Amino acid sequence: MKGDDVIEVFRLQAPVWEFKYGDLLGHLKIMHDAIGFKSTLTGKNYTMEWYELFQLGNCTFPHLRPEMNAPFWCNQGAACFFEGIDDGHWKENGTLVQVATISGNMFNKMAQWVKQDNETGIYYETWTVQASPEKGAETWFESYDCSKFVLRTYKKLAELGAEFKKIETNYTRIFLYSGEPTFLGNETSVFGPTGNKTLALDIKRFYYPFKPHLSTKEFLLSLVKIFDAVIIHRQFYLFYNFEYWFLPMKFPFIKITYEEIPLPNRNNTISGL
């Protein structure tokens, strides 16, 4: 952008999988977040969002291929930037509201940061794993998803001097609750030639009911198996940063929240942007 441009910044939010299920997941407050920009000089709009590159299900659970010993993960994520804002998509069942105004210089500095951020965090993580729902509870693993990217970007813009409006902003978080996790190893140490064959089989058995493209009968049977593993036997296997962890699950096991996280305050020490 030209340095003297004035850029409007928009908060964008819509239900996950709206293209397929409409507002269904919106009723459960399972939302996708993005950021919109509008150039005052050119009148052009842009959308920036952090996507799971192979859809949410593939990022959350692996594929089990007969020819491979280890589960096959498609859990890459990345920021995508493109021209245009689909007003209907964001407004119909979600949010499209201006949250700040920035200069072209701020935008350009943010764009450089986004490139660095894209090269640093390349894997999508659905779950936030905590010891309990209580405030201040130990967090074992943090999620790394679309909302976290939006929050990181807002924080960066505030550091650059952006002043955000005082509006309420809520985000979806999906929690698992467990006791202290146990480190199991990486793909090689678990599934390699000298790996733990019993553990490898247990992990694959755990992931099997989460496979996609099930018939109605298979889906119902899989739900029973998932309930038995996670709720009855209180077991969950988590893949996080190339490593496998065992989670001893605790009540209430899983929870979806739609929490308010305020917009950041401006860094008043920055000037000339």
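View 1. The model is predicted; local features need pLDDT of at least 70, side-chain atom pairs count only at pLDDT 80 or more, and totals for chains, interfaces and linings use all residues. Residues are numbered from 1 along each chain as its sequence is written, and side-chain values use heavy atoms, with hydrogens and water left out. β5 and strand β8 (residues 163-164) run antiparallel and are joined by two bridges. Strands are DSSP runs of E, at least two residues; helices are runs of H or I, at least four; both are numbered from the N terminus. Pairing requires at least two DSSP bridges between two strands.

**View 2. Strand β1 pairs with strand β5.** Residues 6-15 form β1 and residues 95-103 form β5. The sense is antiparallel, over eight bridges. Leu12 has Leu96 as its bridge partner in β5.

**View 3. Asn69 sits in a loop.** The loop lies between α3 (56-60) and β4 (77-83). Asn69 is exposed, at a relative accessible area of 54% (exposed is over 50%, buried under 20%, partly exposed in between; 1.4 Å probe, protein chains only). Leaving out residues up to four places away in sequence, Asn69 touches Phe191 and Lys204 (contact: heavy atoms within 4.5 Å). Lys197 is 128 residues away along the chain, yet its C-alpha atom is 9.8 Å from that of Asn69.

**View 4. The protein chain holds nine helices and twelve strands.** Its C-alpha trace spans about 60 × 40 × 35 Å along the principal axes. Of its 273 residues, 44% are buried.
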